[in-house]
Amino acid sequence: MFLRIDHVGIACHDLEAKIAFFESTFGMTVVSREVNEEQGVREAMLHVADGPNGSSYIQLLEPLSPDSPVGKFLAKRGEGVHHVAFGVPDVAEAMGELGGKGIRLLDERPRHGSMGSSIAFLHPKDVGGMLTELVQAPPPRT
């Protein structure tokens with residue numbers, strides 16, 4: 001079902017400072033910046049590596065407000081790993097399969113994700129306490 005680890009989402013207070021740290025310390029490169037009003041975040045995707053099933057990234061997440069999900073996460077837990085995202089060939093199909101196995105879905109249907117992807121989240125209590133995201137890469141541009 002899973003093709004790769006698509007990205008690890010990291011909650012942070014200062015997006016620009018974290019980008020500078022990851023660039024200077026690890027030599028990563030920002031490949032995308034977005035503001036996602038629906039999820040209440042300003043984000044940056046930093047390229048980690050390419051593999052046979054696609055690329056992997058670090059996603060830095062800065063909340064747009066303290067009452068957003070990432071804002072609440074930061075207030076409760078501080079900066080750090082927020083979620084792990086797995087690449088899947090078809091997010092809707094993966095949702096159906098996992099839902100059929102009793103995993104609770106936080107999304108009723110796929111929604112817009114970073115860099116044009118389709119995403120859905122799984123309930124952390126059903127995945128060992130880890131917020132888990134399913135990611136279907138966007139179709140290739142023609």
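Which strands are included in what covers the buried residues of α2? Keep this one in mind; the solution comes in Exercise 1.

Before you start, note that this is a predicted model, in which local features need pLDDT of at least 70, side-chain atom pairs count only at pLDDT 80 or more, and totals for chains, interfaces and linings use all residues. Residues are numbered from 1 along each chain as its sequence is written, and side-chain values use heavy atoms, with hydrogens and water left out.

**Exercise 1. Helix α2**

Task: Sort the residues of helix α2 (residues 69-77) into buried and exposed, and find what covers the buried ones.

Solution: 
- Step 1. Helices here are DSSP runs of H or I with at least four residues, strands are runs of E with at least two, and both are numbered from the N terminus.
- Step 2. Buried means under 20% relative accessible area, exposed over 50%, and partly exposed in between (1.4 Å probe, protein chains only). By this rule V70, G71, F73 and L74 of α2 are buried.
- Step 3. These four cover an arc of only 160° around the axis, so they lie on the same side of α2. The arc is taken from the directions from the helix axis to the C-beta atoms.
- Step 4. Contact means heavy atoms within 4.5 Å.
- Step 5. After α2 comes G78, with a positive phi near 80°.

**Exercise 2. The largest nonpolar core**

Task: List the residues of the largest nonpolar core and say which element gives the most to it.

Solution: 
- Step 1. A nonpolar core is a set of buried Ala, Val, Leu, Ile, Met, Phe, Trp, Tyr and Cys residues joined through side-chain atoms within 4.5 Å.
- Step 2. The largest one has 10 residues: I10, C12, L15, I19, F22, M28, A44, L46, I58 and L60.
- Step 3. Two or more residues come from each of α1 (15-26), β3 (41-51) and β4 (54-63). With three residues, α1 gives the most.
- Step 4. Now look at I58: not counting residues up to four places away in sequence, I58 touches V8, I10, F22, M28, A44, M45, L46 and V48.
- Step 5. There is also a second, separate core of nine residues, including V91, L98, I103 and L134.

**Exercise 3. Aromatic pairs**

Task: Count the aromatic pairs and describe the one formed by F2 and F86.

Solution: 
- Step 1. Rings of Phe, Tyr and Trp (its six-membered ring) pair if their centres lie within 6.5 Å; planes under 30 degrees apart count as stacked, over 60 as edge-to-face and the rest as tilted.
- Step 2. The count comes to four aromatic pairs.
- Step 3. F2 and F86 are stacked, at 4.3 Å centre to centre with 10° between the planes.
- Step 4. F2 lies in the segment before β1 (4-11) and F86 in strand β5 (residues 80-87), so the pair ties together parts that are 84 residues apart in sequence.
- Step 5. F2 is partly exposed at 41% relative accessibility, whereas F86 is buried at 15%.
- Step 6. Another pair, F21 and F26, is edge-to-face: 5.7 Å centre to centre, 90° between the planes. Ring pairs link F21, F22 and F26 into a cluster.
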